[in-house]
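Please look at the chain below, and follow it from an annotated region to a pair of helices and then to a group of strands.

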Amino acid sequence: MRRDLYSPDHEAYRETVREFLAREVVPYQHDWDRERWIDRSVFSRAAKAGIYALQVGEQYGGSGEPDYRYRMVVCEEIARINALSFGLTVSLQDDLVLHYLLDLTNDEQKRRWLPGFATGEIIGALAMTEPGAGSDLRGLRTTARRDGEQWILNGQKTFISSGIMADLVVVAARTGSSGGSGDLSLFVVERDTPGFDRGRKLDKIGLPAQDTSELYFRDARVPAANLLGEEGRGLQYLMSHLPRERLGVTAKAIATTRAIFEMTVEYCKGRHAFGAPLSDKQHVRFELAEMATEIDIAQSYADRSVLAYNAGELTAVDAAKGKWYVSELQKRVVDRCLQLHGGYGYMTEYPVARAYLDTRIQTIYGGTTEIMKEIIGRDVVA
């Protein structure tokens with residue numbers, strides 16, 4: 001399928017990304033998986049090379065480049081080398097944390113945090129999920145109470161990506177008790193905040209190198225200057241940033257789906273069974289034909305979503321459509337690709353096996369498939 005998404009500038013950028021990944025990620029990614037930890041210095045080199053944080057303004061050390069197509073190139077190249085733990089951490093910075101810092105900070109906060117973010121010296125995390133509240137943001141129980149020039153936070157967060165590595169965490173906490181949408185506020189909690197502790201590094205079935213943890217706030221004292229945006233508008237801020245987060249999931253999903261599919265095509269052409277390549281079997285060709293068609297159709301939607309985002313027109317509903325559909329497609333395609341690999345597909349030395357484990361989270365984080373359908377369904381019947 002011919003794609004008109006990219007210009008020559010994007011393709012030149014692709015070569016930069018590809019060269020960086022070959023030098024700084026490919027030689028180490030399997031060690032990171034075994035150690036369940038990514039050497040954080042790679043993110044400093046990545047940011048300085050322009051692999052993420054391009055939207056940070058020039059006055060803070062960035063490029064001031066808002067075009068999401070550059071982000072899409074990064075997703076595609078990371079998927080090509082199957083470094084999905086690294087890719088998720090980059091996405092967490094570029095698709096989540098950065099946009100809270102760009103959109104909600106005042107000038108003083110920008111001066112404090114954006115230069116370090118632009119150079120990769122600051123790693124961020126977003127802390128919404130709690131043991132009793134996942135997709136239900138109104139069910140959050142972490143509280144923040146004003147005490148002079150500080151806020152005192154109490155509560156627990158879980159499933160926090162980069163929670164151990166992060167230097168600053170955007171935390172959603174309840175500052176009111178009315179039961180309405182004005183009860184939540186956002187705070188930036190920095191690494192050495194008194195009363196802020198990291199829990200255990202959680203043991204996941206996939207994405208082993210991407211640290212995921214529990215966070216605890218026990219009378220954690222956060223400076224009043226670390227309130228993000230206005231008090232009581234936390235829910236609105238979270239909701240308004242979900243389209244970018246979900247576009248990020250869609251971008252990673254379509255890139256990984258296509259990369260694993262293309263690897264599988266080559267495998268079927270080279271793997272012989274019953275005296276001929278697998279690709280000579282009609283059933284195998286039908287399987288490949290179905291997947292190729294589904295991927296191309298989903299790619300068209302993903303590309304349109306990127307252009308809509310660039311134009312400021314990507315709605316929450318349209319982002320939800322891409323998020324659930326493409327992440328579910330990723331699950332189906334990777335599973336079928338593993339099947340076509342036969343026994344080799346079950347061996348972790350093959351990219352398809354690792355992608356199979358890493359893929360499973362895609363339909364859960366960023367809002368489950370079920371929540372996405374509820375958002376869309378409400379819009380349909382409204």
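For residues 7-121, UniProt lists "domain: Acyl-CoA dehydrogenase/oxidase N-terminal" in an unreviewed entry; UniProt positions are given in the numbering used here, feature names are shortened, and annotations may be inferred rather than shown by experiment. This span is 68% helix and 0% strand, and its end C-alpha atoms lie 31 Å apart, where helices (H or I, at least four residues) and strands (E, at least two) are DSSP runs, numbered from the N terminus. The model is predicted, with local features needing pLDDT of at least 70 and side-chain atom pairs counting only at pLDDT 80 or more, while totals for chains, interfaces and linings use all residues. Residues are numbered from 1 along each chain as its sequence is written, and side-chain values use heavy atoms, leaving out hydrogens and water.

Helix α4 (residues 68-80) packs against helix α8 (residues 282-310) at an angle of about 145 degrees, their axes being 9 Å apart; axes are lines fitted to C-alpha atoms, for helices over the stretch in contact, and angles run from 0 to 180 degrees between N-to-C directions. In this contact (heavy atoms within 4.5 Å), Tyr68, Arg69 and Met72 of α4 meet several residues of α8, including Gln299, Asp303 and Leu307.

Turning to the strands, β2 (residues 143-147) and β3 (residues 150-161) pair in the antiparallel sense over five bridges, pairing being assigned if DSSP finds at least two bridges between two strands. Arginine 145 has isoleucine 152 in β3 as its bridge partner, and in the hairpin, with two residues between the strands, glycine 148 takes a positive phi near 65 degrees. Strand β3 is also joined by nine bridges to β7 (residues 212-223), in an antiparallel arrangement, with serine 161 opposite threonine 212 in β7.
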